[in-house]
Amino acid sequence: MQAKVLKLGILAAAITGITLGASGESYFTRSAQAQSTPPAVAVASMPAIALPNFRGIVEKYGPAVVNISVEGTVKSAAAPGQSPFAQIDPDDPFSDFLRRFGPQFQVPPGEQTKRGQGSGFIVSADGIILTNAHVVEGADQVSVKLTDKREFKATVLGVDKPTDIAVLKIEATNLPIVPLGDPAQTEVGDWVLAIGSPFGFENSVTAGIVSAKSRSLPDEGYVPFLQTDVAINPGNSGGPLLNMRGEVIGINSQIFSRSGGYQGLSFAIPINVAAQVKDQLLAHGKVTRGRLGVVIQEVNQALAESFGLDRAQGALVSRVEDASPAAAAGLEVGDVILKFNGQPVSASAELPAKVAAIAPGTKARLEVWHKGEVRTLDVIVGELPQAQPAGDNKLAADKGRLGVAVRALDPREEQEAETKGLLVLESSGPAAHAGIRAGDVILSVNGKPVQSVDALHKLIDAAGKRVALLIQRNDARIFVPIELG
């Protein structure tokens, strides 16, 4: 069984204490029997080891960490007492997607009230709070509780899903705040601590060390995550990761787990990434990101030798988009980007975050390995298109006839699927009856390719009583006949 990276979803109050694993298989084992105590003389001869004491940090900055409660309305087609995951085919390639982003609690069919909890922290004395976007996603009401038991209704000022950052505001003054640090000054092996509300236990403190920096996770191209072994569980989402000076260096966001709970691999969004997002959301209500217009891949030892590099480094360009900033600058397929604006690119996963952090229209300098020699290129960074809100991607007008909600594949998904088409987000009615399900990619309708929501809309409007959809599921392509509603 493969382990999965799980976003730490908000915890439903109805199931506090239930393991949120994607599988029924247990990965918990009993602790090993304690070994016999070594002879006293051996213990006495060991050098004293000074362990860190986090009490001062918790006392000073703990009051700036808040508990976030949310309430919203969800729809479910699951039967009473039946898990929404009951119908997921374990061999379906999209089942991991559903387990990661699907509901983490059981609800009967129809509209139900969803309640959950997460964490956050105050960064401004007038009530600005940072948390994860997935903590407040879909919430109709957001409440914030301080350590002194005061509670406030919160307003969501902005959300950025690509980085999983949300900015909240409560109406209060003279609030305690926690200072922001510099993740670049944190090294692997440094002690760190987290404060949050795992499983609803407010203001819980856990500690550990930084395990790695600049980790790339699936579908998270704009965040160079900090990896730690700090105990993080559902409910810790949005809480701060602090260094030994009491400065926030990250926002706890995800875990890598077989059970759905903590297994020693936790990931935090670097606070400098979060701060940039916060500033843009407060100033403009949205986040703009730089774009080069290239598809890149990792350089391994074999590729390094074939391209004449002395070691495996950089980002290998496998495609240059037409009329893109990269094409205008003269970047070519087979070039290896070694530096971006003077910053080394040790691994390909580092480049997207560096480019995204540059304001569109800014000139940047690339150091590139080109046909056996280093050359320098100047590029005017473009703007990455804004992702459409989920509501804008749905075919509301076709829900009655076809019964699907779809969106266009993004460039990364197109590359992975090696095709263009529309990703099915929801399936109901005629489509669901015919076997279409979330995660399928619609390629054509009655033999006519579809690459946009509008194109699908027009084809369905013009269709008779039946259509034949060509879909892709994993590596298989099949035609599915559908009798329209």
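These legends walk through several close-up views of one predicted protein model. Residues are numbered from 1 along each chain as its sequence is written, and side-chain values use heavy atoms, with hydrogens and water left out. Because the model is predicted, local features need pLDDT of at least 70 and side-chain atom pairs count only at pLDDT 80 or more, while totals for chains, interfaces and linings use all residues.

**View 1. The whole chain, before zooming in.** The protein chain has 12 helices and 28 strands; these are DSSP runs numbered from the N terminus, with helices being H or I of at least four residues and strands being E of at least two. Of its 485 residues, 44% count as buried. Here buried means under 20% relative accessible area, exposed means over 50%, and partly exposed is in between, using a 1.4 Å probe and protein chains only. Take the contacts (heavy atoms within 4.5 Å) between residues at least 6 apart in sequence: 63% of them join residues at least 24 apart. The accessible surface comes to about 24,200 Å², and 51% of that belongs to carbon and sulfur atoms. Areas like this come from the Shrake-Rupley method with a 1.4 Å probe, and for residues only the protein chains shown count as cover.

View 2. An unreviewed UniProt entry places the feature "active site" at His 134, Asp 164 and Ser 237. They span 104 residues in sequence, yet no two of their C-alpha atoms are more than 10.2 Å apart, so they gather at one spot. UniProt positions follow the numbering used here, feature names are shortened, and annotations may be inferred rather than shown by experiment. Look for Asp 164 in the loop between strand S7 (155-160) and strand S8, where it is buried at 3% relative accessibility. Asp 164 also has a positive phi of about 60°, although it is not a glycine. Most residues other than glycine have a negative phi. Ser 237 sits in the loop between S11 and S12 and is buried too, at 1% relative accessibility.

View 3. Gly 235 counts as buried at 1% relative accessibility, and Asn 236 is buried with a relative accessible area of 2%.

**View 4. Inside the largest nonpolar core.** A nonpolar core is a set of buried Ala, Val, Leu, Ile, Met, Phe, Trp, Tyr and Cys residues joined through side-chain atoms within 4.5 Å. The largest one has 28 residues, and Phe 121, Leu 130 and Ile 251 have the most contacts inside it. Elements that each supply at least two residues of this core include strand S3 (110-124), strand S4 (128-132), strand S13 (248-257) and helix H5 (271-284). H5 gives the largest share, five residues. Leaving aside neighbours within four places in sequence, the contacts of Ile 251 include Phe 121, Leu 130, Gly 238, Phe 267 and Ala 274.

View 5. Gly 208 lies in strand S10 (residues 204-215) and is buried, at 5% relative accessibility. Its C-alpha atom is separated by 4.5 Å from that of Val 230, which is 22 residues away along the chain. Apart from neighbours within four places in sequence, Gly 208 is in contact with Asp 190, Trp 191, Val 192, Asp 229 and Val 230.

**View 6. Phe 199, with a positive phi.** Phe 199 has a phi of about 55°, positive although the residue is not a glycine. Find Phe 199 in the loop between S9 and S10, where it counts as partly exposed at 23% relative accessibility.
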